[in-house]
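Hi,

Here is the structure we spoke about. My notes follow below it.

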Amino acid sequence: MAQLLAPALPGRARMRRSAPAAVSTVALIVMIGVCSSLQPGVLTVEGLTLVLSATVPLVIAAQAQMTLMAVGDIDLGIGNFVGLVTVVSATLLVSSPLKGVLVLAGLVAAYAVLGLLIHLRQVPALIATLGASFVWLGLGLFLLPTPGGTTPGWLASFGAWQPAGLPAPLVPLVVVALLVYLLSARSALGVRMRGLGSNPVALRRAGLRPVASRVAAYATAGVLGVLSGLVLASQTGGGDVSSASSYTLMTVAAVILGGGSFAGGTAVPWGAAVGGVTLGLVSVVLSLLDVRSDMQSAVQGVIVLAVLAGRVVVGKVLR
Amino acid sequence: MNIRVAGPRSWSGPWVWGFAAAALVWLVILVISGQGGGQTVSLALSLAPYLVIVGLGQMLVVTAGPGNIDVSVASVISLAGFVSVAVASATGSAAVGVLAGIGAGVLVAAVSTVAILGLSVPPIIATLAAGLVASSITLSTANGFTAVPDAGLRAALNLRPAGVPVLALAIAVLTVLVAALLRRTVYGRSLVAVGQNRRAAERAGIPVARVVAMTYLLSGALAGLTGALLAAYIAPSADLGTRYLLDSVAVVVIGGTLISGGRAVPVGVWGAALFFILLDGLVNLVGWSTAAQNLLKGGLVLFVLFLAGGGDRSGGLASLFRRRPRPAAATPTTITTTITGDDTDG
Amino acid sequence: MHVDNLPAGGAAPPGTDTGPAGPPPVVTARGVTKAYGRTRALAGVDLAVRAGEVLGLVGHNGAGKSTLMRVLAGLEPCDTGTVLVHGRQASAGDFRTVRMAYQETSLCPDLTVAENMWVSSRHCLPRVRWRRAASDAVRRRLDEMFPGHGVSPRDRVEDLSLSRRQMVEIARACLVDRLDLLILDEPTESLGPDAARSLYAYVRRLTEAGTAVLLISHRIREVLSVADRVAVLRDGAVTAERPASGLTEPDVLGLMGAHVAAPPTFGAPTAAGTIARDTVAELLGATGPGLREVTLRVGKGEVVGLAGLAGQGQQEVLERLWRPVRRDTTVGVSRAYVPGDRQRSGVLPLWSVGDNLIVTALRGIARRGLRRPAEERAVVADWVKRLSIRGGAEAGITELSGGNQQKVIVARAFASPAGLVLLDDPFRGVDVHTKTDLYGLIRQEAAKGRSVVWYSSENAEMAHCDRVYVFRAGRVVAELTGEEISEERIIGVSFAEKGEDD
């Protein structure tokens, strides 16, 4: 009997862990179903492209958030950071591409330095990233005080890219999730990052330096933030530092919806992708349902709380 | 026992810096503008109180220990602005309007509190979500909002006999009350104890959940008060509170309150708030943009934060978010033994 | 013995029982001392672990076993003395062939078994396709060590049962290209009997291949059946080293000895059986995580001890009494708690002695939520004087020595009006004079009608109790009263396997 029960244990645990992502996936399918019943055109390639494209930058930013949550930190600056990148790509990247690329690389380096300082000075990432968010905002306003500018041609043509037979947004969604999966779940570096979030003592006993893991995680988040900003700029065709300010909560929520945790130690790239698309679709469904745009943020807030409440319940049931 | 006002050991340093920085900025303004400094101070004193009120609430929350932060203050201020103006014009009483604004803040905070304590949602997410709900309500109220702020309240807020704003005096009294709350009441002592060491506070018989709940509700009430006053001073708008999120955290950090919790410095909030307001004035005077303001503020927060450093990471944010049991770390304390020189027998 | 290779000034070689013909020592400790603050954990340890032998290390709680292990594994430097690996003064790199399996495991719970192998054994894994290599290696090693283990390299550690985690931890320690010394810290504590047998069979194979094994366990019979030699650690020094053959369990228990009992300068405990007391707290068949069918009662004015090895359910009992949420626990009076780990759950570090002391009593003194400073000061002054706390009420708590800090924490509980005071092993690392003061305090307060429930890992302290419950594996295995309470008796009962000796 005990031998029968014992192998069932990990299965149950795995079920508990993947339950949030599964719930998100079900919600995603339901929402697409609702969309297509309201607007039959949604299920065509063009329809899906339209519906999904807005979620791409959000999902990439959610991957950045996920990387930091894997080491046990939270990034409250990602929204403004993405906004700053759109500004850089609408200004410097057009006027002097080399300088633009250097600035983007510098932003990634700034993220790494932020991680280094957070680790060395042992300050809460929460407050440090909140402070940094205003630096990003200030830099963005400095470069482009009012929304505008134009994105470089190559970026615009990426935004307008229409492959035959499949919705274009799926490509960046899947490619980025795959890359983050390979890095965070399959590589040795990923093991170090998740190990830091999981049990830093074990890491230290094994002779691995936690600071390197944290800096690597922040640098990765910086790269993903830059990617997210570039994609967003390619869609809007201009720069606006506050265009992504809602991403800060949305990315955290996406990771949570996808099965991530605040405790660190877990990487859920696929979950974050599903969670991000689900959250992005909420606004599509709400607008198709003629819910006033005022109420959209409330609905998103309630969804996050409901998912967390559901998790508490599921955790108790599956214990 | 440090029942006396301002126990010298833990108090002398931190709050001075905000005032020193404010004085420095004031001198720079004086030199650049070449005009009477009194007017600058008077203006700063009439603008700073709004930041001080919300900052005091944020200070209480931060004092409750690592991971505690109230990021709903911005939306609460905006919401409370509309609620108070609407209620005041409906009832004709500015006082009832202010109370309604405070009530709105408490209601939003109640949502966060239930999520934090009932659902074990980390405070940042709980307050963010509650703030989102609040901002939705604000947006739907803002559509076609016609009521105007109470003229009497606005006049009172602008009252400056001999250049000293009445509001500043009132908020100074409020600051003293908060300081007394922290030092003279059971709740205040419990809050400071919880912030220093949550486990120890729990073992010392302090009802931790009740103290934390009270703290978030107070922060909501103070943010609501800010919104009610600010709406009367300026006008209700959907982004009335936007700038107060970072500013409230920043004045707490710069004011000398321990960011890891357990030490609150109410006076420091004043110094830091004056510094911020004067800095705004200086930036305007020089003709710098809002970009420079944001850069300066963000940079200052990071500078103070990294300069002050944090406590032990093991007691930091991550540990608060942990709910699953973890293997105990083999720290030297767990293997400390009972052997002392006196104990060994031959 | 390669004594010639030793650096000058090294302590004399330790007494050898196996004679000069024995195999060379792998790791040798000479005159090793180690102190944490004022607490001396190791007071001059001489010990050699030889290639191809199993050395059993026994000792009571707090004898310094964990510290010694960490020093031998190169995890912590010693204060004085030397640690030699293969007869040479060891530098950090030399310890790579010394591996340790931790009792509490050193695994990342969120990582898979294979990933954990990478963390600790990455030097022996290829850079590409390491996951497969680690999976193969750990599966092979687990198959060798624990046939039928049921662990997959892809399982996450947090999903594994406690015994499987322990298997993975031991396999992790053995997964290295060259293993000279394997340190096993209470390896069988969470393993079942079959797994324990498999482990020891593997240990035999290891030693035949020339690896040394250091086995730390409080299961004396197990140590005697597996080890070639047994070393007894007592008060931070090795007090005996004997060949295991011919030793019996009582012999070893005798060698482990008793601490000297503190002088009974204050009122001796009264025999509880003779006086009928009102019950203030009771557990009736309490069962739950870490507890099995525990029934105990606490009378008014009674000092009840919870004894036994660490972690056998005593703290769970305290937890039940502190927060009586379940129906099997009834507590009729208010409670106060004295935590043992004062850094983690005792001290409020930013406050003064007085603030720390009064924080619990505050609630009772205050009127309508407002504090009454004068009354508080009086109470604080009274307790500072009564326990002669150095530095007085105004000193910062962190400026005090550990013993004085502990006095403040104890005073915090007794300054409150609580009718039941729970002590969670609070006197670890406290000097003898402070302890004597605090023992006296406990008896005085009990005489005033307060009840005390006292968990202690130091059995000598139990002599101050009226009644003692001895715990093993979450059960009460013995209840001792009055004269029956002695250190030998408690050690005997708590080490007895399956309680059949009682």
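What percentage of the 319 residues of chain A count as buried? The value is 55%. Buried means that 20 or more other C-beta atoms, placed from the backbone, lie within 10 Å of the residue's own.

Some ground rules. This is a predicted model, where local features need pLDDT of at least 70, side-chain atom pairs count only at pLDDT 80 or more, and totals for chains, interfaces and linings use all residues. Residues are numbered from 1 along each chain as its sequence is written, while chains are lettered from A and ligands numbered from 1 in the order in which they are written.

Chain A: 15 helices and 0 strands (DSSP runs, H or I of at least four residues for helices, E of at least two for strands, numbered from the N terminus). Its C-alpha trace spans about 70 × 55 × 35 Å along the principal axes.

The A/B contact: chain B puts in 49 residues and chain A 42. Residues are in contact when their C-beta atoms, placed from the backbone, lie within 7 Å. On the chain B side, α6 (123–142), α12 (244–254), α14 (290–308) and α15 (317–321) each give two or more residues. α14(B) gives the most, with 12 residues.

Chain C: helix α1 (residues 65–72) is mostly covered, with 8 of its 8 residues buried. Among them are Lys65(C), Arg70(C) and Leu72(C). After α1(C) comes Gly74(C), with a positive phi near 75°.

Best wishes

Methods:
Two residues are in contact if their C-beta atoms, placed from the backbone, lie within 7 Å. A residue is buried if 20 or more other C-beta atoms lie within 10 Å of its own, exposed if 12 or fewer, and partly exposed in between; C-beta atoms are placed from the backbone.
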